[in-house]
Every structure is written in C-alpha cells, then in structure tokens.
Amino acid sequence: MTRAEFMARLRQGLVGLPMVTAAEIAADYELHFKDGAAAGRREEEVAAALGDPDRLARELRAEAGARRWTQEQNPSAAAGAIFGLIGLGALDIIIILPLVLPIFGTILGFLVAGVGIFISGGLAAVVVPFMGGPGGVLGGVLLGVGLMGMGLFLGGLMAILTKWLIDATVWYARLHYRVLKPALNTQPAERA
C-alpha cells in the first residue's frame, strides 16, 4: 500500500472527528512516512509497519469518544463513546450485549417510571386538594410533593446508574483492547 492509499483510507476513517483532531492525526502519520523516507524505507514498508489504516482509524475514533466521555459526561458524549467502542469491535458483542441491554432497558423503564411519578405528583398536588380527599388541602399538597420527590429520586438514581454503566462499558472496552493489542501488533510481523 502506498502513502497516498494509506492516508486516504485513514482520513476516510477519521470522518466524524473534529476537523482539527483529524488533521493533527493525519499530520502525525504523514510524519511517519517522511521519517521512513529519510531512513531509506519504501512507502509500502512504512504502511505495513503502521498497520491497517481502517483499524487504526477505528481505534483513534474509539479513544476520542472515550476521552470525550471522561471530560464531558453528557448523553452525546456517552453515545459517542459507546458507538466508538462498538465500532472498534473491542467489545465481545456476543457476551456483553445480552448483559448490558436488559440493564439499560431496566434503567430506562425506571427512569420513565420516575418521570411518570413526578408528573402524577404534580397533578396530585393540584387536583387532590380540590377533590376534598383525606387530609384536606394540606394532605393533598403533601401527597403531591412526596410523589414529586420520589420521582426526582428515582430519576436521579437512574442517571447515576446510567453513568456507572457507561463508565464500566468504557473501562471494559479499554481493558479488553489492552489485552488484545499485543496480539494484534504481532500479526503483521508474523506475515512478513
């Protein structure tokens, strides 16, 4: 593979990263080719030593997504980290998805329930006092406020659990990749 082919595939794989980040990465790999040429190595040798540009781009995208999650910790960064790691293929999809999807589903269910409880608490605080329910106006307002508090607690708890689950997934993928990386690095050497 020539320098132009390698760089074109690498740049194509970096689409979606911030332009500045992609340009810095591309410049780093252009430097590898310049250093190789200065040392008398052919472009094909340098490209073979650098590895598969598609795999390299997936690794760089996954790392960028994981780094963004550790810095921002918002839903967009979480999605970027998860999709980057899945794109990397570092997760044992067959093993981890059957475990993670029901957990995410349960958390989402409790989150929706928390929102529902909060809304019903607001309605109870407004409607129950006028219906003449037990406890009168004060009882209705306290019931509503109590339900709203329970809804907030449930929503907050699910947000914390979601963060922990995403952190655990990112940790697992990085650990898994560190275990696989030595094996991946020896494969091109064995072929040569």
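In this predicted model, F6 touches M1, Y29, F33, A47, L50, G51, P53 and L56, where residues up to four places away in sequence are not counted. F6 also belongs to the largest nonpolar core, which holds 15 residues, and two of its partners, Y29 and F33, take part in the packing of helix 2 against helix 3.

**Nonpolar cores**

- Within the largest nonpolar core of 15 residues, the members that touch the most other members are F6, M7, L10, L14, Y29 and F33.
- Two or more residues of this core come from each of helix 1 (3-13), helix 2, helix 3 and helix 4 (53-72), and helix 2 supplies the largest share, namely five residues.
- Apart from this core lies another one, made of seven residues, including I96, I107, I117 and L165.
- As general background, nonpolar side chains in soluble globular proteins tend to be buried together.

**Packing of helix 2 and helix 3**

- Helix 2, which spans residues 19-38, packs with helix 3, which spans residues 43-50, at an angle of about 135 degrees, and their axes lie 9 Å apart.
- On the side of helix 2 the contact is made by Y29, H32, F33 and G36, while helix 3 contributes E43, V46, A47 and L50.
- Sorted by class, the residues in this contact between helix 2 and helix 3 are five nonpolar, two polar and one charged.

Note on methods: Residues numbered from 1 in each chain as written. Predicted model: local features only at pLDDT ≥ 70, side-chain atom pairs only at ≥ 80, totals over all residues. Heavy atoms only, no water. Axes fitted to C-alpha atoms, helices over the stretch in contact; angles between N-to-C directions. Helix = DSSP H or I, 4+ residues; strand = E, 2+ residues; numbered from the N terminus. Contact = heavy atoms within 4.5 Å. Nonpolar A, V, L, I, M, F, W, Y, C, P; charged D, E, K, R; others polar. Core = buried A, V, L, I, M, F, W, Y, C linked by side-chain atoms within 4.5 Å. Buried < 20%, exposed > 50% of the residue type's maximum accessible area, 1.4 Å probe, protein only.
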